[in-house]
Every structure is written in structure tokens, then in C-alpha cells.
Amino acid sequence: MTARAPTQGFGYTRGMDLDGTTALAVTALGSAAVAVAVKLHYRFWGWVYRLHPDSDGELTAICQDGWALRVSHFVPRGERRPTPVILCHGLSANRWNLMLPGRHSLASALRAAGYEVFVVDLRGSGESARPPRGRSNAEVDFDAHVGLDAPAVLDLVEKVTGSRRAFWVGHSMGGLIGLALAQTEHKPALAGVVAVGSPAHWDFHQPILRHLLRAGLYLTIGGQFRHQWLLKLVAPYLWLPVPGDLAVVIHGPNMDAATNRKAAFHVLGDPSKRILAQFEGWLRRDRWETQQPPRDLRTGLADIACPVLLITGSRDNLSPAANMEATFGKIGAPDKALVT
């Protein structure tokens, strides 16, 4: 019995080693298969949903800290308007949000109306997502958009057009950037600000917005909420209607399913944890402010002198009409309007 015990033990151990090795091999092969399948998925649907930009050229705006911003240039058609227009996307988006080819392109519509248009990818978004050496997408915040990105785009527009003033048209956070910029030393460069669905107040929002921001904070990896890969994964299957309480980003009847799928594949990006924390703090404390330099932007609305147009949708859950009405009441510009 003494001689047989080690043999049995040895045989049992080898059997376990073989089973473990087999399990590891199967796991590795399975993981590789999933990785290949996901890569093929991205390539195939990327080809199906490929975008052909109808801009007239691509430009680069260099920020003071060296960050390079991609800017799409639209040359006016027909009778030329004297003042150029800058289009700026919102949080977790990129410039495709405002120039998606087809009837949804605000840039193309303005070009057809005679405006020279510049559509920007803010730092950390779209084709401006590659930081300069020593910098990181994880450090992107609202202050940098206002203090560095926006002035760089204004400088580029002046160099290209010769105009010292431009209209700033922003969606969501992009509109907030315009309203904040109008309170800085760069305000003489603004011919006017148009803010579309830009929430400068937070006490009118549905709870889902706070939940989404907190979820983004908890799910960050490497300083960013990396959900773009997931959206691209599920984009081809976005054919079901969005329930009313969850329709934070879109209102289903306003957009066809094919456009929704293409937008999900291309329009959204990976925001930094820093900027998500900034927005979550604003919402929790009902504030709107910059940190460097410290500035109460809501109080500063009274100092805006350029014309301002605020636009909100009647079904907008992100920036309800009551929100925009409260913001409108604080703006000091004599030439202002609110459209709902």
C-alpha cells in the first residue's frame, strides 16, 4: 500500500494538471474568438455605417498648451454672409453630431444659407482625442474647453476668414461654452451666442441624469468613461423605441432608426472622469462655475453683452423649458430671445 499511494496520488495530480491546462487552452481560444468576432463586427458595421464628410476641407486649431483640434470647414454657397459660424458639440459627443451627412447636418444647412462654418472636435473628442506629449485625455474638463479650446478656434477662424468676430453655436455643453466664453476677455470676438438645449440650471432635471453621471464616474477606466466601444457594439441593433423616461438624449419620433444607429456608431465619445465629476458637482450643488480661475458663471450671465438665442425642445429631458427660462431671465444682453 505504501508503494501504490504515491502512484495513485501522482496519477491524480497529473490528471488535474491536464484538465487545468485544457481549461486554460479552451478559455484562451474562446477569448481569442470573441476578440476576433468583435473586431470583425467593428470593421463590418464601420463599413456599413461609414461616413463621407461633405465638408470643404479639414483644418487644425492649435491650443496654447499644444493640443491640436480638428476643425471641419464649410465654404458658403450662394450669397455670402459676412460673419462666420462656429459649431460646437456637447458632452460625450464629437463634431459629427452637428455635421452628420444628410438632412440632419446643421453645418450643411448653414453653408447653404451663405455662412462660412467651422465645426470643432473639442479636446478628448473625435479626431482631437490624441493629446500632446505629457498630457492626457483624463485631464480634460470644462475649464480647458473654455480657456484653451474656444480661443484657439476663434484664432483659427480669424486667420482663415479675416473676420474678428464669429457666431458661436453650441449644443448642450457646447452652448454652455459659448455662454461662458461671453463672460471672458474673449467676448469681443463673439458676434452672438446660440445655445441649444444647454442646461445652466439643474433643479428641473429628472433623477436619471444624476444617475447617469454617477454611473459614468463609477465605471471610468484610466480616467475616462469608456463606453464608445459598447455603443458601437450595440448600434446595429438599435431598432427598438426608447421609453419616454429614458429618452434623455433623443426623442424617438424625431429621428429614424437608421440615423440613430449611424449616430450611435460615430457621434458619441468617451468623456473624462474629471469633466463628469464637474457636471455631477454642478448638479448636486445646483451651481455652474469654473475652477481656474474661480468664476460663478450663472451670476456672470448678467454681464453678457452680445446677442443671445436660447433654444430648447418641448420634450427635452436634459434641458427642460423651465431650465432655459431661468437661464434666459439672468442674461443681461439687451438683444436676446428664447425659442421653445
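Modeller: Start with strand β4, residues 117-120, which is covered on both faces: Val-117 and Val-119 on one side, and Phe-118 and Val-120 on the other, are all buried. Buried means under 20% relative accessible area, exposed over 50%, and partly exposed in between, with a 1.4 Å probe and protein chains only. Strands (E, at least two residues) and helices (H or I, at least four) are DSSP runs, numbered from the N terminus. This is a predicted model, in which local features need pLDDT of at least 70 and side-chain atom pairs count only at pLDDT 80 or more, while totals for chains, interfaces and linings use all residues. Residues are numbered from 1 along each chain as its sequence is written, and side-chain values use heavy atoms, with hydrogens and water left out.

Colleague: Which way does β2 run against β4?

Modeller: Antiparallel, with four bridges joining β2 (residues 68-74) to β4. Two strands pair if DSSP finds at least two bridges between them. Within that pairing, Ser-72 stands opposite Val-119.

Colleague: And in what sense do β3 and β4 pair?

Modeller: Parallel, over four bridges, with β3 covering residues 85-88. Val-85 has Val-117 as its bridge partner in β4.

Colleague: Where is Ser-172, and what about its phi?

Modeller: Ser-172 lies in the loop between β5 (166-171) and α5 (173-181). Its phi is positive, about 55°, and Ser-172 is buried too, with a relative accessible area of 11%.

Colleague: Switching to cores. Which residues have the most contacts inside the largest nonpolar core?

Modeller: Phe-142, Ile-177, Leu-179 and Trp-288, in a core of 52 residues. Helix α4 gives the most to this core, eight residues. A second, separate core has 18 residues, among them Leu-51, Ala-93, Val-117 and Ala-263. A nonpolar core here is a set of buried Ala, Val, Leu, Ile, Met, Phe, Trp, Tyr and Cys residues joined through side-chain atoms within 4.5 Å.

Colleague: Now the charges. How many salt bridges are there in the whole structure?

Modeller: The search finds 18, taking a salt bridge as a side-chain nitrogen of Lys or Arg within 4 Å of a carboxyl oxygen of Asp or Glu.

Colleague: What does Arg-95 pair with?

Modeller: Glu-58 forms a salt bridge with Arg-95, the closest N and O atoms being 3.4 Å apart. That pair links distant parts of the chain, with Glu-58 in strand β1 (residues 57-62) and Arg-95 in the loop between β3 and α2, 37 residues apart. Arg-95 also meets Asp-121 in a salt bridge, at 2.6 Å from N to O.

Colleague: What does Arg-123 bridge to?

Modeller: Asp-149, with the closest N and O atoms 2.6 Å apart. Arg-123 is in the loop between β4 and α4 and Asp-149 in helix α4, 26 residues apart. Arg-123 is buried at 2%, and Asp-149 is buried at 0%.
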